[in-house]
Amino acid sequence: MSLEPADSALIDDLILHIGEGAVSTDPKVLLSHSHDFGKIVDHQLPLAVVFAERVEDVQAALRLASAAGVKVVPRGAGTGVSGGAHATARCIVLSLERMDRILEIRPEDEVAVVQPGVINATLNRSVAKHGLMYAPDPASYQQSTIGGNVATNAGGLRCAKYGVTTDSVLGLDVVLADGTLISTGRNTFKGVAGYDLTSLLVGSEGTLGVVVSVTVRLRYLSEKTCSIAAVFTDVAQAAAGVVAIAGVRVQPAILELMDIGTMRVLDAAYGSDLSARGGAMLLVRTDGHGGEIEAGIVRSALEGLGAQVSRPNDEEAVRLIEMRRASRGDGQDDKYRVGEDIAVPRSAMVDYMGSLDRIAGRNNVMVRIVAHAGDGNLHPTFWVDPDDGAEGVARLDAALEESIRAALEVGGTITGEHGVGTAKRDWLAWEQSEEVLELQRKIKAVFDPQGILNPGKAIL
């Protein structure tokens, strides 16, 4: 790739101030760090990839890029699915993956301080010895970083009881676009001094600043959990099971719903026979000292609906939850498959799933659904036969847009946990008023006057 003299000078300055081993222009590195798992519309290669190892590296990179007018795309592990880490024209990718130290664990305060490159699962293993856990657990928790989770306000299976990332973030150290280091938030569980900039930065997808340290709240790790698998005849009956669990006033740590299509995907991946047992499934986990009592209440409620419910201490139910967590779908080419991340009010979930089936039928596409049923966050996947070619892809896009509008019509949102990135940016105006969009633009201008931080992402 031929560089302009000014861009070559920037790379030389980055090497001078951060180190030769931290700055790469290797074509393979540029390619591998140019995108995440989101749909790519305009593929760009960065000028360079900077692997920051210290806060000072991040500050130097942003100062130099700001002076040169070059864009900066922050990146964690690249496991996002909305295009939030896609490179843009004339940018550097600022990788935080080498900033991977757990700086502090304070068991007595139930707090940890970590660098952004710490893997979610690594933090959980480190605090488990203290009887604690970091609650947010996205499906990619074995690979995704805390910094990336903060950027997208990631969720996961335990969201129904413990909330999403923002509910576990107490404070942040953030480098602004001009290299200034600020600290937001607090070390305590409670604190209301000033505007809540921490919550503003969580979920901002690297458009307001680059997170270099995260103070997180930890939760109690239950010594014993109880897992339940319940098979139903169809999705409507399974959804009735969700309502029944709410009716007996039990709050599961995990409450997942899978339709027959998702069960077939798991069968193909793991050699199970789930789809032969029924047409839908609920996976439930209770925890805490009352977990066993709660599991008994849930089991009775679901049996009352006619579900086939696993026995107490059935290890298959434990395995099924891990299978659900680890499965990201079949091996079909993503060109002919789109997965979504929609949230609707729980009271609207059954009707909305029916809408998805009707939308799929009208557009002659196929659909399967998995849902974080405890909080109304659905992940429908639409797909077509690759033999349908471009015409099939057009039907796929039409079904996707219909599903988004249908979610908004019942009071839902275009994204529950994956973020906006580039993939959902055009839909923001469907959900948010022009006044709200303009206010977000003004906030962006305050934090990043030159507009160099992750442009074209998160806001419209």
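## Helix packing and buried residues in a predicted model

In helix H12, Tyr352, Leu356, Ile359 and Arg362 meet Ala399, Glu402, Ser403, Ala406 and Ala407 of helix H13.

The crossing in which H12 passes H13 is right-handed.

Another helix pair can be followed in the structure above. Helix H1 (residues 5-18) packs with helix H3 (residues 55-68) at an angle of about 160 degrees, and the two axes are 10 Å apart. H1 and H3 are therefore roughly antiparallel to each other. H1 also passes H3 in a right-handed crossing. From H1, the contact uses Leu10, Asp13, Leu14, His17 and Ile18, while H3 brings Asp57, Ala60, Ala61, Leu64, Ala65 and Ala68. These residues of the H1 and H3 contact divide into eight nonpolar, one polar and two charged.

Here are the two pairs together.

| Helix pair | Angle | Axes |
|---|---|---|
| H1 and H3 | about 160 degrees | 10 Å apart |

Now to helix H4, which spans residues 120-128. Which of its residues are buried? They are Asn120, Ala121, Leu123, Asn124, Ser126 and Val127. And what covers the buried residues of H4? The cover includes strand E5 (102-106), strand E6 (111-114), strand E7 (132-133), helix H5 (146-152) and strand E10 (210-217).

Strands E5 and E6 come up again with Glu110, which sits in the loop between E5 and E6. Glu110 has a phi near 60 degrees, a positive value in a residue other than glycine. Is Glu110 buried or exposed? With a relative accessibility of 15%, Glu110 counts as buried, because the cut-off for buried is under 20%.

Although Asn313 is not a glycine, its phi is positive, at about 65 degrees. Asn313 lies in the loop between strand E15 (308-309) and helix H11 (315-326). Here the relative accessibility is 60%, and Asn313 therefore counts as exposed, since exposed means over 50%.

Glu340 is a charged residue in a loop, this one between strand E16 (337-339) and strand E17 (342-343). Its relative accessible area is 6%, so Glu340 is buried. Which residues is Glu340 in contact with, leaving aside its neighbours within four places in sequence? The partners are Leu378, His379, Pro380, Leu400, Ser403, Ile404, Ile414, Lys424 and Trp427. Ser403 is one of the partners of Glu340, and Ser403 also belongs to the H13 side of the contact with H12.

Finally, a word on cysteines. Cys159 has a relative accessible area of 7% and is buried. Cys226 is buried as well, with a relative accessible area of 11%. How many disulfides does the model have? With a disulfide taken as a pair of cysteine sulfur atoms within 2.5 Å, the count comes to zero.

Conventions. Residues are numbered from 1 along each chain as its sequence is written. This is a predicted model: local features need pLDDT of at least 70, side-chain atom pairs count only at pLDDT 80 or more; totals for chains, interfaces and linings use all residues. Side-chain values use heavy atoms; hydrogens and water are left out. Axes are lines fitted to C-alpha atoms, for helices over the stretch in contact, and angles run from 0 to 180 degrees between N-to-C directions. Helices (H or I, at least four residues) and strands (E, at least two) are DSSP runs, numbered from the N terminus. Angles under 35 degrees count as roughly parallel, over 145 as roughly antiparallel, 65 to 115 as roughly perpendicular and the rest as oblique. A crossing is left-handed if the near helix is turned anticlockwise from the far one by less than a right angle, and right-handed if clockwise. Contact means heavy atoms within 4.5 Å. Buried means under 20% relative accessible area, exposed over 50%, partly exposed in between (1.4 Å probe, protein chains only).
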